[in-house]
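User: Please examine the structure shown below and answer a set of questions on its ligand site, its domains and its backbone.

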Amino acid sequence: MTIAITQATGPEHTRIYAYGAARGENAVPNDDLVGPIDSSDEWIRQRTGIVTRTRADADTNAIDLASAAAAEAIERSGIAPELIDAVIVATISNPKQTPSVSAIVADRVGANPAAAYDVNAACAGFAYGIAQADALIRAGAAHYAVVVGAEKLSDVVDPTDRSISFLLGDGAGAAVVGPSEYAGIGPTVWGSDGSKADAVGMNHTLVEFRDGLAPWPTLRQEGPTVFRWAVWEMVKVARQALEAAGIEASDLAAFVPHQANMRIIDEFAKQLKLPDTVVIGRDIETTGNTSAASIPLATHRLLEEHPELSGGLALQIGFGAGLVFGAQVVVLP
Ligand SMILES: CC(C)(COP(=O)(O)OP(=O)(O)OC[C@H]1O[C@@H](n2cnc3c(N)ncnc32)[C@H](O)[C@@H]1OP(=O)(O)O)[C@@H](O)C(=O)NCCC(=O)NCCS
């Protein structure tokens with residue numbers, strides 16, 4: 001007969017305790033980028049809503065940005081760093097393929113020896129990380145988790161690329177997740193479509209670069225393809241996340257979509273029929289698209305500018321390279 005072993009279980013509910021943020025040190029205006037792509041400040045503003053994007057100093061990397069954001073989230077949460085036993089960093093900007101960003105961040109913020117791992121889900125990474133932190137805690141695999149989205153995309157931009165480079169910024173956003181008396185993180189609607197892997201991602205491999213067969217790999221996208229997919233398919237995912245949480249769009253206090261393009265954000269708001277009372281994250285205007293960092297950065301800013309949102313419901317949805325997507329409703333701390 002099999003000897004019975006103990007299986008872990010955790011608390012019934014989880015919630016987000018606090019957010020933290022770190023942006024690249026420099027505001028880079030459109031005019032600094034338009035020359036090599038034969039574009040204009042006006043075109044970029046009209047087609048994307050971006051006025052400036054934040055980019056980090058040469059000697060600041062994704063680990064630095066992630067550590068700063070995580071440290072602020074932990075400080076604001078009131079949870080002692082040594083009680084954090086899971087650190088999840090969503091990123092496509094690890095300076096090295098290994099070791100992970102997360103293990104170094106865990107050590108730097110005082111959470112050593114927390115379980116630590118990176119998630120590669122591009123612009124859906126933060127929503128994936130929240131899904132995992134919620135599940136790990138409710139399963140008893142962790143007590144308190146820090147979820148970070150961190151990117152230094154300026155290292156993988158080609159100044160002559162018209163498809164994506166001018167959209168991208170650097171930054172990190174973080175959230176502390178822990179046990180709760182009430183349901184603070186709704187069911188996650190997530191998935192992927194690898195048949196569209198070529199729609200957005202790196203244009204070359206590191207091996208091709210090493211062998212002199214290609215220049216330094218940088219990001220590229222089929223803009224209109226991704227735009228249409230985001231507008232048509234992601235609105236359905238957003239609706240599913242509302243339905244899974246058992247709420248209507250009119251119950252939301254805030255909507256925080258991935259900051260990919262202001263026109264996509266406006267189209268979401270229209271199709272979801274968001275009432276004017278719903279505050280919408282529009283951090284893209286001054287931060288640009290920071291992939292995994294975009295949702296927590298936009299949420300952090302909303303809470304700074306509208307402290308009355310605290311305790312309200314926010315719908316967040318991330319989507320990007322993979323293709324991958326993830327959405328859930330959360331209660332704002
Ligand atoms: C990249 C993006 C801003 C391009 O905008 P768009 O409106 O789709 O632009 P198009 O590619 O259809 O091009 C329209 C025109 O602008 C021109 N154009 C394209 N990129 C340009 C640029 N960077 N600067 C100036 N002109 C540009 C095109 O040549 C085209 O000119 P034409 O009408 O004379 O042929 C937009 O497609 C986008 O944001 N896509 C989705 C991004 C996203 O969600 N990514 C998620 C993963 S992070």
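Analyst: A polar contact is taken here as a pair of N or O atoms within 3.5 Å. The model is predicted.

User: What distance separates a polar side-chain atom of Asn261 from an oxygen atom of the ligand?

Analyst: Asn261 is one of the closest residues to the ligand, a group that also includes Ser39 and Arg47. A polar contact requires a pair of N or O atoms within 3.5 Å. The polar side-chain atom of Asn261 and the ligand oxygen are separated by 2.7 Å.

User: How much of the accessible area of the ligand does the protein cover?

Analyst: On its own, the ligand has 950 Å² of accessible area.

User: Which element gives the most residues to the shell around the ligand?

Analyst: The shell around the ligand holds 20 residues. Helix H1 (41-48), helix H6 (223-245) and helix H7 (262-271) each give two or more of them. With four residues, the element that gives the most is H6.

User: From which domains does the shell around the ligand draw at least three residues each?

Analyst: The domain assignment divides the chain into two parts, 13-180 and 189-331. Their C-alpha centres lie 14 Å apart, and their contact takes 51 residues from domain 1 and 46 residues from domain 2. The shell draws at least three residues from each of domain 1 and domain 2.

User: Is Ala122 buried or exposed?

Analyst: Ala122 is found in the loop between E5 and helix H4 (125-138). Its phi is near 40 degrees, a positive value in a residue other than glycine. The cut-off for a buried residue is under 20% relative accessible area. Because its relative accessibility is 4%, Ala122 counts as buried.

User: Why does Asp38 count as exposed?

Analyst: Asp38 lies in the loop between strand E2 (26-29) and H1, and has a positive phi of about 45 degrees although it is not a glycine. An exposed residue has over 50% relative accessible area. Asp38 therefore counts as exposed, its relative accessibility being 63%.

User: What is omega for the cis peptide bond that joins Gly322 and Leu323?

Analyst: Leu323 belongs to the loop between strand E13 (313-320) and strand E14 (324-331). The peptide bond from Gly322 to Leu323 is cis, and its omega is about -10 degrees.

Definitions and conventions. Residues numbered from 1 in each chain as written. Predicted model: local features only at pLDDT ≥ 70, side-chain atom pairs only at ≥ 80, totals over all residues. Heavy atoms only, no water. Near = heavy atom within 4 Å. Polar contact = N/O pair within 3.5 Å; in protein donor to acceptor, adjacent residues only side chain to side chain. Areas by Shrake-Rupley, 256 points an atom, 1.4 Å probe, with all protein chains shown as cover. Domains from an automatic or database assignment. Contact = heavy atoms within 4.5 Å. Buried < 20%, exposed > 50% of the residue type's maximum accessible area, 1.4 Å probe, protein only.
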